[in-house]
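This briefing gathers a few computed local features of one protein model, arranged by topic for a reader who has the coordinates at hand.

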Amino acid sequence: MGKVFVCDHPLIQHKLTYIRDERTNTKDFREYVDEVATLMAYEITRNIPLEKIKVKTPVTETESSIISGRMLGLIPILRAGLGMTEGVLKLVPAAKVGHIGLYRDPETLQPIEYYVKLPTDVQERELIVIDPMLATGGSANAAITALKKRDCTQIKLMCLIAAPEGIEAVQKEHPDVDIYVAAVDEYLNDHGYIVPGLGDAGDRLFGTK
């Protein structure tokens, strides 16, 4: 079963409070989300393997560590996932970025895939699927399924806030995927919003309604 990692660093929790606050304007909301994404990236990349190489310092030659193994790929779910992507890229600028677009069918309420654009070497990369909100889990599951259909095997999920229902849904459908969140909230309301949550992440990021 995939694990759930709550990134509870004080700086993350401090900034998350302002992200939740309805008084936070679009500019500040976007900046806080970007900053939290960078801080969370430290946690999600903690177990990247290292290898030793020789380098010459101004004093002597020594062995030092560099990242080895799989390269990273970031896969934001459009559109809200874009708000966290730049924050992660600040830490891992060499990562390649793919995009998955999904919308919810108004009758079935199921996510429909409308756009997938991935790096050509996506199967060789450790992938981080990015979406600020893990509510019902429908979009996350659809995005992860789309990657697995394209023979991707190393996948993690990164969200700001998750509902217990969304975590359960992803763990049921994709038990091999670890989930990284800044907070696990109480429940989903009748409209599918996370409570207490932060509202609609996409609207707050881009100033839309």
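How many of the seven residues of strand 2 (residues 50–56) are buried? The number is zero, so strand 2 lies largely in the open, where a residue counts as buried under 20% relative accessible area. The model is predicted, and the points below should be read with that in mind.

**Strand 2 and its partner**
- Strand 2 runs antiparallel to strand 3 (residues 61–67), and seven bridges join the two.

**A nonpolar surface patch**
- On the surface, Val4, Val6 and Val184 form a nonpolar patch, and together these residues have about 190 Å² of accessible area.
- Val184, one of the residues of that patch, is placed in strand 11, which covers residues 178–184.
- Val184 has a relative accessible area of 37% and is therefore partly exposed, since that class lies between the 20% limit for buried and the 50% limit for exposed.

**Asp203 and its surroundings**
- Asp203 is found in helix 6, which spans residues 201–206.
- A polar contact of 2.7 Å links the side chain of Asp203 to the side chain of Arg79.
- When residues up to four places away in sequence are not counted, Asp203 touches Arg79, Thr208 and Lys209.

Key. Residues numbered from 1 in each chain as written. Predicted model: local features only at pLDDT ≥ 70, side-chain atom pairs only at ≥ 80, totals over all residues. Heavy atoms only, no water. Patch = residues over 30% accessible without salt bridge, like charges linked within 9 Å, V, L, I, M, F, W, Y side chains within 5 Å. Areas by Shrake-Rupley, 256 points an atom, 1.4 Å probe, with all protein chains shown as cover. Salt bridge = Lys/Arg side-chain N within 4 Å of Asp/Glu carboxyl O. Helix = DSSP H or I, 4+ residues; strand = E, 2+ residues; numbered from the N terminus. Buried < 20%, exposed > 50% of the residue type's maximum accessible area, 1.4 Å probe, protein only. Polar contact = N/O pair within 3.5 Å; in protein donor to acceptor, adjacent residues only side chain to side chain. Contact = heavy atoms within 4.5 Å. Pairing = 2+ DSSP bridges.
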